[in-house]
Amino acid sequence: MTDSRISRRRIARAIPAAGAVGALLAGLLLGDAAPADARTSTIAQLEAAIEAKASTVPGLGAPVSGFRAAIESGMLGAYRAYANGTVASSADGTWVIRFGIQRTWKPSSGWPTSDAKRIARCDVDAQTFQRAGTVLADKRWCPVAGYAGPYLAQASDGVGNVQHRGYNGTAVYMMQRRLGMTVDTTNSSVWGPITQSVLDSWLHAHRHADTTTLGPQLWRELHIPYPFNSSTWVAPLRADSAATRAQHVQASIAWAESQVGAEYLWGGTGNSGSSLGYDCSGLQLQVARAGGLDLTKVGNSIDQRPASDLANHMLHDPEMQTVPALRDLQPGDLIFYGVGQHGGHVAMYIGGGWTVQSVYAAVQYQPLYSDGRLNTFGWPSVVGIKRPFASTVVGGSVSATVTASELGDAGKLPARPLATTPLQSGTTLWGLNSWAVSLPELTGTLDRAGWAPVTAGSQLTVSGAGLTVIFAGSGMALGVAPSGHGSLTVPAGATSVLLVPDRQAQRVIAGSPVVDYGQNP
């Protein structure tokens with residue numbers, strides 16, 4: 001307890017809203033009344049205020065202790081414990097401490113400045129005290145307002161998104177499979193000219209009117225063996241609403257690891273049962289949901305629309321906490337790779353120098369660095385880091401660190417300094433699906449990794465080994481020849497040919513996005 005010889009100015013600041021009790025208290029502590037009589041009178045009024053407050057609170061129960069008085073935070077106050085709470089009175093008012101908060105409260109925490117209030121978005125009670133600040137009823141994770149909060153229950157899968165020509169992702173891929181298309185040779189989950197032609201043939205054979213829209217009725221008539229709302233699927237919740245931040249992070253990492261091996265699918269946001277695949281951002285969206293994060297500004301539809309720019313939307317989503325530098329990286333953080341301020345690819349850091357991400361052919365583990373340099377999956381640099389489960393919380397902050405014991409066997413590599421991967425000067429950056437390659441322009445013989453301008457209908461001779469030949473035009477792959485060599489005809493619409501190492505070209509097929517980001521300085 002503090003000494004009663006306190007600052008006259010500090011007491012005076014408490015007078016205006018304190019009422020009769022506060023006036024007497026201030027007079028007592030400022031020496032303007034007889035000390036013994038004034039103190040007795042003030043305490044009596046505090047006790048009366050406590051009894052009056054207790055009589056208005058349903059379910060508080062009977063007293064379980066007598067009245068007690070103390071001087072804390074430079075202020076005289078009194079309190080009394082009841083069966084289901086404690087009532088405290090001071091110059092800041094008379095308030096009830098309950099919902100479990102009373103079990104840890106002591107006068108040294110400071111007098112309450114309000115009753116306990118429900119924080120609906122976290123389903124938890126909180127109360128503010130002079131010294132301790134805002135205190136929650138338990139240790140659950142509850143970020144400050146503005147950041148995405150926890151899911152309190154499993155979210156619905158929604159009603160499904162109507163798909164249109166130009167869309168891509170899970171629902172389009174399901175339609176393509178039902179139409180008998182072979183994804184590895186004829187499409188890339190993009191509803192482009194090839195898919196439209198196959199759909200037109202089916203529509204004509206079944207005497208349907210032409211359409212470029214896939215809604216519930218056509219879905220049923222095609223007998224697609226998945227529910228129409230697969231396009232709005234939400235991953236199963238793996239964290240309790242009362243989970244701590246560490247438990248939320250642990251749940252998200254565990255679910256990400258459970259998806260390792262699922263195929264890469266451009267625009268893919270997953271589906272119930274055995275997943276048909278994810279792209280980089282579709283995976284991380286579902287990982288966050290599985291960990292119990294209620295994101296409201298990004299969703300499946302962003303990944304399915306033509307730009308399929310979900311990674312960039314997530315990078316700029318204010319609901320997720322921004323991490324200022326790689327040195328601050330913690331398990332559960334999302335790393336965004338790209339150009340300038342545009343995010344083209346995203347991975348989840350799981351600790352120990354490893355990430356889980358959907359890249360190349362599948363969801364897989366990838367080291368954060370190789371040979372001492374940061375892996376950027378072809379992109380020039382890391383363009384941002386986000387912390388889905390914010391470490392700034394109601395009542396202060398919590399450690400962003402998740403211990404090795406909580407992560408299990410997720411981490412294998414020791415921490416090391418990180419550096420951006422340098423790009424060779426004069427090369428051109430090409431975005432392939434959600435990763436990228438930096439290729440020099442080739443002249444003459446096509447026998448190594450690189451790119452060259454081409455003319456549709458012309459013949460090319462490729463002699464390099466271990467290279468995938470990609471003919472590109474209008475921002476997409478128009479023809480792909482894995483391990484291609486020999487004489488090849490340039491398809492209509494192609495303006496460039498790319499020779500990409502086979503591993504870096506996995507899952508790049510006709511219709512895949514191929515974007516020229518220009519020459520590196």
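Two strands are taken to pair if DSSP finds at least two bridges between them. Helices (H or I, at least four residues) and strands (E, at least two) are DSSP runs, numbered from the N terminus. The structure is a predicted model, in which local features need pLDDT of at least 70 and side-chain atom pairs count only at pLDDT 80 or more, whereas totals for chains, interfaces and linings use all residues. Residues are numbered from 1 along each chain as its sequence is written, and side-chain values use heavy atoms, with hydrogens and water left out.

Strand S3 (residues 85–90) takes part in two hairpins. Strand S2 (residues 75–82) pairs with S3 in the antiparallel sense over 5 bridges, and 2 residues lie between these strands in the hairpin that they form. Tyrosine 82 has glycine 85 of S3 as its bridge partner. On pairing with strand S4 (residues 93–97), S3 is again antiparallel, over 5 bridges, and this hairpin also has 2 residues between its strands. Here valine 87 stands opposite valine 96 of S4. Burial is assigned by relative accessible area: buried means under 20%, exposed over 50%, and partly exposed in between (1.4 Å probe, protein chains only). Because 6 of the 6 residues of S3 are buried, the strand is largely enclosed by the rest of the structure. In a regular strand the side chains alternate between the two faces of the sheet. In S3 both faces are covered, with Gly85, Val87 and Ser89 buried on one side and Thr86, Ala88 and Ser90 buried on the other.

Helix H4 (residues 170–178) is likewise largely enclosed by the rest of the structure, because 7 of its 9 residues are buried. The buried residues of H4 are Thr170, Ala171, Val172, Tyr173, Met174, Met175 and Gln176.

Strand S20 (residues 428–432) is joined to S28 by 4 bridges in the antiparallel sense, and glycine 431 has valine 515 of S28 as its bridge partner.

Nonpolar cores were defined as sets of buried Ala, Val, Leu, Ile, Met, Phe, Trp, Tyr and Cys residues joined through side-chain atoms within 4.5 Å. The largest core holds 35 residues, of which Trp255 and Leu295 touch the most other members. Two or more residues come from each of helix H8 (245–258), helix H9 (280–290), helix H11 (310–315), strand S11 (334–339), strand S12 (342–351) and S13. H9 gives the most to this core, with 6 residues. A second, separate core of 34 residues includes Leu329, Leu432, Ala477 and Leu498.

Glutamine 357 lies in strand S13 (residues 354–359) and counts as buried at 0% relative accessibility. Its side chain makes a polar contact with the side chain of histidine 345 at 2.6 Å. A polar contact is a pair of N or O atoms within 3.5 Å; within protein, one must be able to donate a hydrogen and the other to accept it, and residues adjacent in sequence count only if both atoms are side-chain atoms. Leucine 499, in strand S27 (residues 496–501), is also buried, with a relative accessible area of 0%. Not counting residues up to four places away in sequence, leucine 499 touches residues including Leu439, Asp447, Arg448 and Val462.

A salt bridge is a side-chain nitrogen of Lys or Arg within 4 Å of a carboxyl oxygen of Asp or Glu, and the count by this rule comes to 8. Arginine 131 forms a salt bridge with glutamate 72, the closest N and O atoms being 3.6 Å apart. This pair links distant parts of the chain, 59 residues apart: arginine 131 is in the loop between strand S6 (124–129) and strand S7 (133–136), and glutamate 72 is in strand S1 (residues 68–72). Arginine 131 is partly exposed, at 46% relative accessible area, whereas glutamate 72 is buried, at 4%. Glutamate 263 forms a salt bridge with arginine 507, with 3.9 Å between the closest N and O atoms.

Definitions and conventions. Contact = heavy atoms within 4.5 Å.
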